[in-house]
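User: I have a structure open and would like to go through it slowly with you. Could you help me read it?
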Amino acid sequence: SERVGSLTPQGRRMAADSSPFWIGTVVYLVLGLLACAISALLGSTRLKGQVGLTTTLITIATICMWMMWAMTWLMQWHPIIQPQKEDSDK
């Protein structure tokens, strides 16, 4: 039997487990919420009236960092090992 993620006889990869992607997504979500909570606690004493702005900036930064990580991870999940030339006679 073939393992998940192993190469088939045609050289194509079988479906691999996507759990690292979802674990990484949860990590980014938790870190973003933690950063917003810390910002709200510290911002209430130091940045009078700027809690909404800092929360918005942290949220946007977290989403952008997650998107960059997700795109990088997804591109490496099923890499193109070698370009496949298709016959144009068909």
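User: Before we start, what kind of model is it and how are residues numbered?
Analyst: This is a predicted model, in which local features need pLDDT of at least 70 and side-chain atom pairs count only at pLDDT 80 or more, while totals for chains, interfaces and linings use all residues. Residues are numbered from 1 along each chain as its sequence is written, and side-chain values use heavy atoms, with hydrogens and water left out.

User: OK, how many helices and strands does the chain have?
Analyst: The chain has two helices and zero strands, where helices (H or I, at least four residues) and strands (E, at least two) are DSSP runs numbered from the N terminus.

User: And how much of the chain is buried?
Analyst: Of its 90 residues, 14% count as buried; buried means under 20% relative accessible area, exposed means over 50%, and partly exposed lies in between, with a 1.4 Å probe and protein chains only.

User: How many aromatic pairs turn up?
Analyst: A search of the whole structure finds six aromatic pairs. Rings of Phe, Tyr and Trp (its six-membered ring) pair if their centres lie within 6.5 Å, and planes under 30 degrees apart count as stacked, over 60 as edge-to-face and the rest as tilted. One of the pairs is formed by Phe21 and Trp66, which is tilted, with 6.3 Å from centre to centre and 55° between the planes.

User: Where in the chain do Phe21 and Trp66 sit?
Analyst: Phe21 belongs to helix H1 (residues 19-46) and Trp66 to helix H2 (residues 51-77), 45 residues apart, and the pair links distant parts of the chain.

User: Is Phe21 buried or exposed?
Analyst: Phe21 is buried, with a relative accessible area of 11%, whereas Trp66 is partly exposed at 27%.

User: What about the rings of Tyr28 and Trp69?
Analyst: Their centres are 5.7 Å apart and their planes are at 40°, so this pair is tilted. This pair, too, links distant parts of the chain, with Tyr28 in helix H1 and Trp69 in helix H2, 41 residues apart. Tyr28 is partly exposed, with a relative accessible area of 23%, and Trp69 is also partly exposed, at 23%.

User: Which residues form the aromatic cluster?
Analyst: One aromatic cluster is formed by Phe21, Trp22, Tyr28, Trp66, Trp69, Trp73 and Trp77.

User: Switching topic, what does Thr25 do with its side chain?
Analyst: Thr25, which lies in helix H1, has its side chain joined to that of Trp66 by a polar contact of 3.1 Å. A polar contact is a pair of N or O atoms within 3.5 Å; within protein, one must be able to donate a hydrogen and the other to accept it, and residues adjacent in sequence count only if both atoms are side-chain atoms. Leaving aside neighbours within four places in sequence, Thr25 is in contact (heavy atoms within 4.5 Å) with Trp66 and Trp69.

User: And what does the side chain of Thr62 reach?
Analyst: The side chain of Thr62, a residue of helix H2, reaches the backbone oxygen of Ile58 at 2.8 Å. Thr62 is buried, with a relative accessible area of 16%, and, apart from neighbours within four places in sequence, Thr62 is in contact with Tyr28 and Gly32.

User: Last one, how far apart are Ala37 and Thr55?
Analyst: They are 18 residues apart in sequence and 8.4 Å apart in space, taken from C-alpha to C-alpha. Ala37 is found in helix H1 and counts as partly exposed, at 38% relative accessibility.
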